[in-house]
Amino acid sequence: MNPVNLWLGRLRWLAHPLALAPLAWLLWLWFADDLTANPIQFITHKTGKTALNLLALSLAVTPLRRATHLTALAPLRKWLGLWGFFYASLHLGIYLVLDYFFDWQLLWLELREKRYVLVGFTAWLLLVPLAVTSFKRSQKRLGQSWKKLHRLVYLVTPLAVIHFTWQVKSDYREPLVYGAAVAALLAARLYTRYSKT
Amino acid sequence: MKTTHPDAVTPQKLYQNRRSFLKTAGNGLLAAALTPALLLKAGRRMAGEETLTPYEDITHYNNYYEFSTDKVRVAKLARNFTTAPWEVSVTGLVDKPATFSVADLVEKFRPEERIYRLRCVEAWSMVIPWAGFPLSRLLQEVAPTSEARYLKFVTVHRPSEMPGLSNKWYDWPYVEGLRLDEAMNDLAILATGIYAKDLLPQNGAPVRLVVPWKYGFKSIKSIVSIELVKRQPTSLWMAAAPREYGFYANVNPDVSHPRWSQASERRIGEFRRRRTVPFNGYGDQVASLYEGMDLRANF
């Protein structure tokens, strides 16, 4: 067996502490009273960005596994996806509870008026069924439809990129990098899919 | 009352300032600020109902793209910015064009304390005790001609000290504009200090505009040139994103911005959001400037 694959299998649990690192860092900044003058906005942005990063990384797992034949990478797709959902939920929770403090009148206005809010919320909603059915048991029970359902991630990640892009003030370089990366990952999947048939 | 600029201010001057304040203080904020009750509450200064934003926050949460687009990095990157010597030229359609050093401005126009709310277009706000003087006094000095309709302000362009200028996405230097009657309004000031200290580079040292009824980006920093012109100038933000940033940029909760809802704001240091007020609460002093204008079209 490929020794790299063997080591990857032994070390892949490190993905969990690594995925927790951004949260640990935010907690550290909180205790150090260093969350900027506008802490709620700061943690909203950081959790959102982390969710996007993890979702994009989750999408990268399968193309990378195919290209390298490192099968030990496979579980990372689920783990990173779930961690992405975890941060997306934190992001939404901070927005609802800390930022707007259940001010439904203002929230409703935002949802109606701000397309980025609508798109972000839709992306999160679409992640819920994926997170709920991400365990082996559901996978077995759902069979072929599980695969179809989980293709939603190819919709969710671009939505997350759009959600990000619409909030950037004029200088689109950073969202363009995300957009290009996600587009490349989608293209990689489409390529393997259609080159096979 | 407490005058906070280090310059000596005569009692008569105080009296006059106080009167002009009371005259213009519509919502009671400024009036309250000038009553003897400048309270110290839990280490924070109060101005009537408003709590002044701490100096630390004012000086470490800055939108100043010439240094960085990251609000918390600006203070550090701006630390060694040279603010003296500094000259501001006032030119264009004026009878007496002139160049002022900052020392001239302070000597001539005697900055006084003005406590204003600052509402950023990004939906956060602060309460800042500026030291400044009415822009109208500078304008009276240079005597605009009858042709002059607008002011065009320009920020210094100094790539050697402003790393953000390497961002070619924006059409530097930073430019802003006001209509002449807006500039003549008593609320419009040129500020040289905050909390009785000289401005720090991250806050627009050594001299900046403050127009508190408009979104913060109108209050251009580190000014080197003021030109009186006939036609409406195009600001940097109007050029960068014309659908999002208009010339007027008056605080208006009813005109939505594509990114941020303008209906509410977070006051720095507070937990609950506040509802945003038209003209940032200064409507009784400035709304008449826009009579008959469609403020949705002229955003």
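Predicted model: local features only at pLDDT ≥ 70, side-chain atom pairs only at ≥ 80, totals over all residues.
Local features need pLDDT of at least 70 and side-chain atom pairs count only at pLDDT 80 or more, while totals for chains, interfaces and linings use all residues. Residues are numbered from 1 along each chain as its sequence is written, and side-chain values use heavy atoms, with hydrogens and water left out.

User: Are α6(A) and α9(A) roughly parallel or roughly antiparallel to each other?
Analyst: Helix α6 (residues 115-132) and helix α9 (residues 153-165), both of chain A, have axes 9 Å apart and pack at an angle of about 155°. Angles run from 0 to 180 degrees between N-to-C directions, along lines fitted to C-alpha atoms over the stretch in contact. Because angles over 145 degrees count as roughly antiparallel and those under 35 as roughly parallel, α6(A) and α9(A) are roughly antiparallel.

User: How many residues of the contact of α6(A) with α9(A) are nonpolar?
Analyst: Contact means heavy atoms within 4.5 Å, and the residues that make this one include A:L126 of α6(A) and A:L159 of α9(A). Ala, Val, Leu, Ile, Met, Phe, Trp, Tyr, Cys and Pro count as nonpolar, Asp, Glu, Lys and Arg as charged, and the others, Gly among them, as polar. The contact has no charged residues and three polar ones, and the nonpolar residues number 12.

User: Which residue of chain B meets A:D103 in a salt bridge?
Analyst: A salt bridge is a side-chain nitrogen of Lys or Arg within 4 Å of a carboxyl oxygen of Asp or Glu, and the interface of chain A and chain B has three. In one of them, at 2.7 Å from N to O, the side chain of A:D103 meets that of B:R275.

Terms used:
Chains lettered and ligands numbered in written order. Helix = DSSP H or I, 4+ residues; strand = E, 2+ residues; numbered from the N terminus. Parallel < 35°, antiparallel > 145°, perpendicular 65-115°, else oblique.
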